[in-house]
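Please take a moment with the model shown below, and then work through the questions in order, trying each one before you read its answer.

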Amino acid sequence: AARLAGLSFVGLSAAFSPSAIPSLRPSNQILAGRGLPRLRGGTASLVTMSDAAAVLKQQRASWQQTMLRIKDPVKSVEFYRDVMGMTLIDKLEFPDMTFDLYFLTTLPDGETYSHTPGSDAAHKYLWTMGGSTLELTHNYGTENDSAFKYHAGNEDKDGFGHVAFNCDDVYASCEKLEAKGIAFKKKPDDGRMKGLAFVYDPDGYWVEVVKRHADAKIGSEFNLSQTMLRIKDPSKSIPFYERLGMTLCREVHLGDFSLYFLSCLPEGVTAPDSKSEEASEFVKKLFNPVLELTHNHGTEVQADFAHFTGNEPDRKGFGHIGFLVEDVEATSKALEELGTTFKKKPLDGTMKGLAFALDPDGYWIEIIKRGGYDSKSTPFWKDP
């Protein structure tokens, strides 16, 4: 049962029904012409799914999380909080299912965090925030098993690559990391690509250290800046993420691979042409992270090619990314009409009101109700 935590607390299978969660019932309203129960908190204007693209634009979708499974929360939280400068904004405990969740973020300059992780105020902050988090999933007991380890990615056909942090001076920051005993995959002057580095987190996940633009004006030494996933076909993956509110901000085409950088931009911010010189500067100035999609040329024409997604039994490590939306049911129906398949639809199982879509590569994409369905911001309900 402990391994069910790989879905995160709002994405568990029907087997999970924690007694601590209040029993919430959906309203009796029906989406016009669909015969589907309307989810609590759904926007009144979403009464038809005939224009799926228009419905998705109404959702204000924002990238809210990258989930990684961890062996030892003491070591992992210490690394991301005390070494990489993140703030632990919430902790969700499920002793009956023997797992806990830790959510960390880089706070914007000048913002202090006074909520106690695990409190209702922390839950509300988490499920309404405009930024992005690392969700660290810990299954009880793994920290005491000397032989246990998660699959960190970057082996043959692995999809997940790394997370990254920007900083002002890669060399100075890496000197500090080395002094703290952090192990390196690549130091700034190793190899052909100078001026960037990769360190290992306590589970062996690769953490890239990248120089931000000199005009970024970000006060913290590090800010969470990217999650990298390998994709098979950019002509399918990019439109999928654009439907979830992301903007293609930059693309780089090299000999046998291409990189695509997408982000959920703040309201009123417009990205330059993704192929322009300005695009590189634009991405390096961003505070919120980008989704880096890496395409190795030729995979798109290999019918039997597929990346591992991180949820296979022998390759568990990376779990999913997640988006906040206004209306989970409307978002799910719109995506379905546009050809998306689902691991879990909103009304499947006992955990109602949340969904897991599958992107074109089969990565799990969690769809979560912004602000939740009750006064405690619970992002699901369960039948009695």
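Q: Which residue has the backbone oxygen that the side chain of Arg212 reaches at 3.1 Å?
A: Residues are numbered from 1 along each chain as its sequence is written, and side-chain values use heavy atoms, with hydrogens and water left out. A polar contact is a pair of N or O atoms within 3.5 Å, where within protein one atom must be able to donate a hydrogen and the other to accept it, and residues adjacent in sequence count only if both atoms are side-chain atoms. The side chain of Arg212 makes its reach of 3.1 Å to the backbone oxygen of Asn166.

Q: Is Arg212 buried or exposed?
A: Arg212 lies in the loop between E8 and strand E9 (223-231), where helices (H or I, at least four residues) and strands (E, at least two) are DSSP runs, numbered from the N terminus. Not counting residues up to four places away in sequence, Arg212 touches several residues, including Cys167, Asp168, Phe222 and Lys284, contact meaning heavy atoms within 4.5 Å. Residues are called buried under 20% relative accessible area, exposed over 50% and partly exposed in between, using a 1.4 Å probe and protein chains only. Because its relative accessible area is 2%, Arg212 counts as buried.

Q: Which residue's side chain is joined to that of Asp201 by a polar contact of 2.8 Å?
A: Asp201 is found in the loop between strand E7 (197-200) and strand E8 (206-211), and it counts as buried because its relative accessibility is 5%. Leaving out residues up to four places away in sequence, Asp201 touches Phe79, Tyr80 and Val207. The residue whose side chain makes the polar contact of 2.8 Å with that of Asp201 is Tyr80.

Q: What are the buried residues of helix H2 (residues 73-83)?
A: At the start of H2, a side-chain oxygen of Asp72 reaches to within 3.0 Å of the backbone nitrogen of Val74, and just after H2, Gly85 takes a positive phi of about 80°. An α-helix has 3.6 residues a turn, so residues three or four places apart point the same way. The buried residues of H2 are Pro73, Ser76, Val77, Phe79, Tyr80 and Val83.

Q: How many residues are in the largest nonpolar core?
A: A nonpolar core is a set of buried Ala, Val, Leu, Ile, Met, Phe, Trp, Tyr and Cys residues joined through side-chain atoms within 4.5 Å. In the largest core, the residues that touch the most other members are Tyr80, Met84, Leu177, Tyr241, Phe323 and Ile365. Leaving aside neighbours within four places in sequence, Leu177 is in contact with residues including Val83, Met84 and Phe222. The number of residues in this core is 66.

Q: What is the angle between the planes of the aromatic pair Phe148 and Tyr150?
A: Rings of Phe, Tyr and Trp (its six-membered ring) pair if their centres lie within 6.5 Å, and planes under 30 degrees apart count as stacked, over 60 as edge-to-face and the rest as tilted. By this rule there are 14 aromatic pairs. The pair of Phe148 and Tyr150 is edge-to-face, with 4.8 Å from centre to centre and an angle between the planes of 90°.

Q: Over which residues is the pLDDT below 50, in a stretch with 119 contacts beyond near neighbours in sequence?
A: The chain averages a pLDDT of 89, and 87% of the residues score at least 70. Where pLDDT is low, the predicted coordinates should not be read in detail. The stretch with 119 such contacts in the model and a pLDDT below 50 is residues 1-39.

Key
pLDDT is the predictor's confidence in each residue, from 0 to 100.
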